[in-house]
Amino acid sequence: MKLNLRNPLCIFDLETTGTNITQDRILEIAVIKMMPNGEVLRKANVLNPTIPIPAESTVFHGLRDEDVKDKPTFKEVAKDYARFMEGADLAGFNVMKFDIPMLVEEFLRCDVEFDYSRRKIIDAQKIFHLMEKRTLSAAYKFYTTKDLVNSHTAEADTEATMEVLLAQIERYEGKDVTDSLERKIGEIRNDVDTLSKLTVSDLVDLAGRMVMNDKGLEVFNFGKHKNKVVTQVFKEEPSYYDWMMNGDFPMDTKRKLTEIKLRSFKK
C-alpha cells in the first residue's frame, strides 16, 4: 500500500559497537527515503567506528575490526546523510530509545546540524507493541508471513521495518488504540501526524533524563531530583546544572538542559 505523506519519510536503522550513547559509535547505517510522490530512495554505508569493536557486539551484527578498517568514518559521510534526510520525518524500529539518540549524538560530534525537534517521528515497534503487545523478526513474520533473512544487518532490518510499517497501517487503519487499562488513547490512521503522536513519548531529551509532567513542565526523570521541575532545581541547587554539564551525559541532554536554563533567565 502507499503511505499518505506530506513530507518525505526516512526509515532508518543503525548497527553500533554497543549501546552506550556517549561512548559507542555507528558501524552501519541504512536509510530508506519514501517520497510523497511514491518514489523510494535508498542510502547505506558500513562505517569505520574509529574504536575497537567488542567481540560481544560482533556476535550480534557480524562486523569485525578488519571488516571496517578501510570504510569511511561517520564524520566523512555525516553531511551527506544530513542532506539526504533534510526536511524528512523519521521512522524506524525502536528508534526513540536508541537509534535517534545515537544518530543525533554522532551528528553533534561532527558539528553537523540535525534538528529532530521539528520532525514527526514514527516508531514501528511502539505501534507493534500497542497493537499486538513482541522483536523485528517476530513482527516481520507476523505481518508478512515471511522469515526475516540477514536480521541485524542495517539494510535487511530497514527493509523489514518498511514492510512492517506499511502492513501495520493496512491492518489497523481505523481501529482504536487502548492503554493497559483499556482506555482509548488514539486511533490508527494512514497519517504521519497521528502515528507520530501515538509512538512518541513525553521525552524532553532523547536519553530520557528529563520528561514533561502532566502540567507540561520539564522534570528530571532520574536521581535525587526525580519528578522535580528542572527550573526549580536550578533555583534551589544551581550547582546541579554544572554537575550534569561536566558529567557523562549525552550532548543532546546537555543542550536541552542549557536551553531550559537560558529560557528560565528570560522570565
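## Second largest cavity

Helix H4 (residues 95-109) gives the largest share of the lining of the second largest cavity, three residues. Helices here are DSSP runs of H or I with at least four residues, strands are runs of E with at least two, and both are numbered from the N terminus. The model is predicted: local features need pLDDT of at least 70, side-chain atom pairs count only at pLDDT 80 or more, and totals for chains, interfaces and linings use all residues. Residues are numbered from 1 along each chain as its sequence is written, and side-chain values use heavy atoms, with hydrogens and water left out.

The lining of the second largest cavity is made up of Val104, Phe107, Leu108, Val112, Glu113, Phe114 and Arg255. A cavity is a set of points, on a 1 Å grid over the protein atoms alone, where a 1.4 Å probe fits but cannot get out; lining residues have an atom within 4 Å of a point. The space in the second largest cavity is about 30 Å³, where a volume is the space filled by probe spheres set on the points, and grid points are joined across faces, edges and corners. Five of its lining residues are nonpolar, none polar and two charged. Ala, Val, Leu, Ile, Met, Phe, Trp, Tyr, Cys and Pro count as nonpolar, Asp, Glu, Lys and Arg as charged, and the others, Gly among them, as polar.

## Largest cavity

The largest cavity has a volume of about 40 Å³. Its lining consists of Ile21, Pro101, Glu105, Leu206, Ala207, Pro250 and Asp252. These divide into five nonpolar, no polar and two charged residues.

Arg83 belongs to helix H3 (residues 74-84). Its relative accessible area is 52%, so Arg83 is exposed (exposed means over 50%, buried under 20%, partly exposed in between, with a 1.4 Å probe and protein chains only). The side chains of Arg83 and Asp80 are joined by a polar contact of 2.6 Å; such a contact is a pair of N or O atoms within 3.5 Å, where within protein one must be able to donate a hydrogen and the other to accept it, and residues adjacent in sequence count only if both atoms are side-chain atoms. Between the C-alpha atoms of Arg83 and Phe114 there are 9.4 Å, and the two are 31 residues apart along the chain.

Ser196 sits in helix H8 (residues 192-199). Ser196 counts as buried because its relative accessibility is 8%. Apart from neighbours within four places in sequence, Ser196 is in contact (heavy atoms within 4.5 Å) with Lys120, Ile121 and Ile122.

Terms used
On a 1 Å grid over the protein atoms alone, a cavity is a set of points where a 1.4 Å probe fits but cannot get out, and a pocket is an open set with protein on both sides within 12 Å along at least five of seven lines; lining residues have an atom within 4 Å of a point.
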